[in-house]
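The sequence and structure come before the discussion.

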Amino acid sequence: MNADAGADSRRAGSARKAEVVKETSGVPLRVLVVDDEWLIRWSIRETLEEAGHTVSEAATAAQARRELAGVTRPDVVLLDLRLPDSSG
């Protein structure tokens, strides 16, 4: 598979994921993604934003607590259970 075909395949996969998220949700959600791996946060953000959702991110439990204390609270939190400053 050449580089262009791989990129096309990834874009098509991302578009399918976005359609699934959009079809199952019905209403745009505010989502907080908490993960210390930037690539995972980025991938989830891209998929959810393509589906029309609003996404905020945190790389640590401390950042997540600050986000949760903010004025706009998320409808959903996607949480990595093993973070550098917290576990479980």
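Glutamate 49 and arginine 45 both belong to helix H2 (residues 38–50), where four residues, about one turn of the helix, separate them; helices (H or I, at least four residues) and strands (E, at least two) are DSSP runs numbered from the N terminus. Their side chains meet in a salt bridge with an N to O distance of 2.5 Å, the term standing for a side-chain nitrogen of Lys or Arg within 4 Å of a carboxyl oxygen of Asp or Glu. Glutamate 49 has a relative accessible area of 35% and is partly exposed, a class that lies between buried (under 20%) and exposed (over 50%), computed with a 1.4 Å probe on protein chains only.

This is a predicted model, in which local features need pLDDT of at least 70 and side-chain atom pairs count only at pLDDT 80 or more, whereas totals for chains, interfaces and linings use all residues. Residues are numbered from 1 along each chain as its sequence is written, and side-chain values use heavy atoms, with hydrogens and water left out.

Glutamate 57 is partly exposed, at 28% relative accessibility.

A network of salt bridges links Arg41, Arg45, Glu49 and Glu57. Arginine 41, also found in helix H2, is buried, with a relative accessible area of 12%. A polar atom of the arginine 41 side chain lies 2.6 Å from the backbone oxygen of aspartate 35. Leaving aside residues up to four places away in sequence, arginine 41 touches Val33, Asp35, Asp36, Glu57, Ala58 and Ala59, contact meaning heavy atoms within 4.5 Å.

## The strands and a further salt bridge

S1, H2 and S2 make a right-handed β-α-β unit; right-handed here means that, with the strands pointing away from the viewer, the path from the first strand over the helix to the second runs clockwise. S1 and S2 pair in the parallel sense over five bridges, pairing being assigned if DSSP finds at least two bridges between two strands. Within this pairing, arginine 30 stands opposite threonine 54 in S2.

Arginine 30 forms a salt bridge with aspartate 75, the closest N and O atoms being 3.2 Å apart. The two residues are 45 residues apart, arginine 30 in strand S1 (residues 30–34) and aspartate 75 in the loop between helix H3 (61–68) and strand S3 (76–79). Arginine 30 is partly exposed at 37% relative accessibility, and aspartate 75 is likewise partly exposed, at 41%.

Methods. A polar contact is a pair of N or O atoms within 3.5 Å; within protein, one must be able to donate a hydrogen and the other to accept it, and residues adjacent in sequence count only if both atoms are side-chain atoms.
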